[in-house]
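The sequence and structure are shown first.

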Amino acid sequence: MSQDVSADSKSEQIAEEIRDAIRQGRLERGVLYSSRELGEMFGASRTPVREALLKLADLGLVRIERNRGARIVGQDGRGIVDLCSLRVLLEPPACRSAAAVLTSRDDEAMLAEYRIMERLADGGPEYFAADERLHDLILAASGNRRLAKVVRELRQTLTLDGRHSVPRYQPVETALRDHWDIVDALRKRDGVGAERAMRKHLVRSGDLLVAHSSADNRGLVAEWRRWVAVSMPEGEQIDF
């Protein structure tokens, strides 16, 4: 059992390292890499590398080519729509669950991350690191480790294409206001309000990512917005 857990942990580590390499440009999109080549690059045997590639293939980041390796493909507009939709479905309810169990220490930690974002409102790497930590704090508090892991993977995959979408396509003040609404509702233990604020934030961010990734496919943007319209709880409305 422990060996299985260790092997799974190793493949997850390799998957994360490959994601980082794609993000940093060390692995180029469109290029085919063999398992042996990737194993040498990341200091791992072929088995965890193959398992990591299967995980990344499920996320749409690579395409497995039998007996050849994996080609880095990234996300197209359809993939971005799917990933954003999943986040909207999963993360807001987790936020509501977190509101019921947060402690004063959690409040301090959330506020500290928000203050970092506020201070570094240029949208640079440290801003996004604080953003990720804030979301991770909320997910961890929800108590569902599997859900937290899934959402974290979705977010990491999306950031490969949209990490800098906030400063480029949306005023940082808007993102900060969205995050404050989430933190404020959680500190008040307002689960319904926190869920609503998180959903609003994710839909807005998703709209930016979908529009950016589908600039030549306005039909996909319209499809995303129709999905949002029918998926909102009764009484909720998002202004794009």
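The model is predicted, with pLDDT of at least 70 needed for local features and 80 or more for side-chain atom pairs, while totals for chains, interfaces and linings use all residues. Residues are numbered from 1 along each chain as its sequence is written, and side-chain values use heavy atoms, without hydrogens and water.

Leu220, Val221, Trp224 and Val228 are the buried residues of α11 (under 20% relative accessible area; exposed is over 50%, partly exposed in between, with a 1.4 Å probe and protein chains only). Viewed down the axis of α11, these buried residues fall within an arc of 105 degrees, so they line one face of the helix. The face turned away from the buried side of α11 carries the exposed residues Arg226, Ala229 and Val230. The buried residues of α11 pack against α4 (77–99) and α10 (191–213), where contact means heavy atoms within 4.5 Å.

| Residue | Phi | Relative accessible area |
|---|---|---|
| Asparagine 67 | about 65 degrees | 78% (exposed) |
| Arginine 189 | about 60 degrees | 32% (partly exposed) |

Asparagine 67 is found in the loop between β2 (62–65) and β3 (69–72), strands being DSSP runs of E with at least two residues. Arginine 189 lies in the loop between α9 and α10.

Terms used:
Helix = DSSP H or I, 4+ residues; strand = E, 2+ residues; numbered from the N terminus. Arc of directions from axis to C-beta.
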